[in-house]
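Colleague: I am new to this structure. Please show it, and then let me ask how some of the labels were reached.

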2 protein chains.
Amino acid sequence: MISLADLQQRIEQGALSPEAAVGRSLDAIRVDDKTIGAFVRHDENAPAQTAGPLRGVAVGIKDIIDTADFPTEMGSQIYRGHHSRADAPVVMALKQAGATIIGKTTTTAFAATDPTATLNPHNHAHTPGGSSSGSAAAVAAGMIPLALGTQTGGSVIRPASFCGVAAIKPSYRLLPTVGVKCFSWTLDTVGLFASGVRDVARGLAAMTNRPDLVVPDAVTAPRIGVVTQAFAGAPEPSGAAALQTASRAAERAGAAVRELAMPEIVAEAWRIHPVVQDFEAHQALAWEYRLNYDAMPPILRGRLDESRGITARDYDAAMDVALRARQALAAVFDEVDVLLTLSAPGAAPKGLSSTGDPRYNRLWTLMGMPCVNVPAQVAEGGLPVGVTVIAPFGADARALAAASFVEDALKR
Amino acid sequence: MISLADLQQRIEQGALSPEAAVGRSLDAIRVDDKTIGAFVRHDENAPAQTAGPLRGVAVGIKDIIDTADFPTEMGSQIYRGHHSRADAPVVMALKQAGATIIGKTTTTAFAATDPTATLNPHNHAHTPGGSSSGSAAAVAAGMIPLALGTQTGGSVIRPASFCGVAAIKPSYRLLPTVGVKCFSWTLDTVGLFASGVRDVARGLAAMTNRPDLVVPDAVTAPRIGVVTQAFAGAPEPSGAAALQTASRAAERAGAAVRELAMPEIVAEAWRIHPVVQDFEAHQALAWEYRLNYDAMPPILRGRLDESRGITARDYDAAMDVALRARQALAAVFDEVDVLLTLSAPGAAPKGLSSTGDPRYNRLWTLMGMPCVNVPAQVAEGGLPVGVTVIAPFGADARALAAASFVEDALKR
């Protein structure tokens, strides 16, 4: 993989030109993407910029995010050839920081769960996860140092876990979703993929002009609360092992680690996530579902068929549960700095018929809290398994620092 | 003006066909819009639907809201000829309720403050207000019974006040802003214009499948807290007179009315509204401002030039003030059911060089609370002046019922 932090350092020192850095990504795409299929399209002539902290950094953009220089096809035939007039604000943020938008990465249709043809770079017989399939795979395959994805249930953290890359789903609306195809406005969150936690942090800091997000050289040992999310069911052995490995490594490195039970309202929030998501999806995708029914991707269409009965009253009740769970979780953080939990039930499932299960991710999306995936170990078949570090809303710097602590601890 | 409630009743009773109802709007547009200029474009052949509570209801859509059947030009040359692929969810909600999308109404460029050429139907020498200029004017001129606008500062309530129509800026995200050109994602709110409060309520109830929003025949007298917003400066005599007239009328009709002082944090929230708005606008309009600077509307461009220095730290502090003010206001509603305040400093200013001042609206947009404009009296020059009824977040039905009470009281 290409480390963003390393790349920045070499460019700053003059050891590598921005043009050469972007050229290496283009070479890697040319060689590897025929097999992996992480890109919908890319620009062979994408120019490097000469200024900005992300100069020389080739970035892949999930194909539900508007780009003025490429079509945005939402992974669906309904949007074939669709070209937005403007760049989404997150794309402009990358450009203003000096990055090169190198291409559009594959997405499940409308960022739901109908799989793409993208392969997991660690084992081609397995899914890279979804819905940000191409962004996770392109970073994991070493084609690009940075990519944007989005998460509504678990579409950033899960593919990051399956592909063995670091990723952040930041606090709700730290990055605007303007110009990003909406599935659920209460949940949709733009996230970043990169080689390691420090790389992700540097990307986010540059995009947001928030230098405090960069992980300091020395990180204080955090107080960690381990959360198994029993309300979401039991994990597979590889998921459970990853969580145990990460918590033990953190403890050995000096962190105070203990298991935390969640208040009942938090489990209730986990249960009502689909109510919020699907009630909003019926509105967000009304034009597609009502006027282009036959062209809708089948799994998503079936999901919308099944959730037609959700009422405004159901939705209001669910939103009230979400609010109370956010308040209850704020109190949990009086006792610990961060939470540590599963990124996925286990390693990436075999085959491309499913993008995996977001059941350990969706609660935290609804809570709006920053989540960072840390690759924790490698399971059978060479498949990576990650864990998630979670901080309170707005404490993205804390989430990144603690995740970096766990990442370093795992390397010892 | 065309009353939506009357129209619905006549259509239900078979006294008027949906086709004939839409035809009357088309006739009115043909006759009056040459002078008023409320529409950017409309469809002379717009078909009526035969089912749904809004069948026969011709609706005008502010031209920053995506429509599959019309271009969406944002009031700016930068988007000349721009045509979205999909209908925005709010447009689909209208269609699903049986409405006819009859055309696109004028908007200040990007819903900011560079004026349109639209005239105030009550006095052609005055502005109809902005940024939802065409929607307010088209309803006021009796061309259509319902129109959509948006508010970031005061762009629904202010033009409604200037044009003498009822309007609601609902609770934040009761109506999705998906497919609506973004200025500030924390503030942008889709609102409705109609002849009277009961008409607005029927439109919103039909769009949202929330029958409880319809105002009941008999409304209980509310406890009203009058708020003068001294932190926003003194009103003009016509604005002060409207507030006094409305509060006295409500009291005579049996409401408990008293003046309320606001906690200091609320005044602080009023002050920081522009920080939230402009920090987000720099991101939301980054493509336009950075890559199309020369084509930007001059007043908006100047505003963005001046606000370039706002930092992430300023923004975070402002968002924290907003949160604390929302909490403080929730406690204010322990003592009263609704607040009553100014909709504008006074009647519509003369000329078309300004769309008027949103200083009495912006706080409530930031608070995310439902606001209803009630036309209160007519000032010199035949110009209407309104007042605003405000309920807690999520209590849109209460806001509408209390506004209807005030409206009825004013008619006595």
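Modeller: Copies are superposed by least squares on the C-alpha atoms of residues with pLDDT of at least 70 in both. This is a predicted model, in which local features need pLDDT of at least 70, side-chain atom pairs count only at pLDDT 80 or more, and totals for chains, interfaces and linings use all residues. Residues are numbered from 1 along each chain as its sequence is written, with chains lettered from A and ligands numbered from 1 in the order in which they are written.

Colleague: What rotation superposes chain A on chain B?

Modeller: A rotation of 180° does, with 0.0 Å of shift along its axis and an RMSD of 0.0 Å. That is the relation of a two-fold axis.

Colleague: How do you know that the copies meet through the same surface?

Modeller: Of the interface residues of chain A, 100% are also interface residues in chain B, so the surface is the same.

Colleague: Why is A:Thr220 called exposed?

Modeller: A residue is exposed if 12 or fewer other C-beta atoms, placed from the backbone, lie within 10 Å of its own, buried if 20 or more do, and partly exposed in between. A:Thr220 has 12 such neighbours, so it counts as exposed.

Colleague: What makes the buried residues of α10(B) lie on the same side?

Modeller: In this helix, residues 298-306 of chain B, the buried residues include B:Leu300, B:Arg301 and B:Leu304. They cover an arc of only 100° around the axis, so they are on the same side of α10(B). The arc is that of the directions from the helix axis to the C-beta atoms. On the other side, B:Pro298, B:Asp305 and B:Glu306 are exposed.

How values were computed. Contact = placed C-beta atoms within 7 Å. Helix = DSSP H or I, 4+ residues; strand = E, 2+ residues; numbered from the N terminus.
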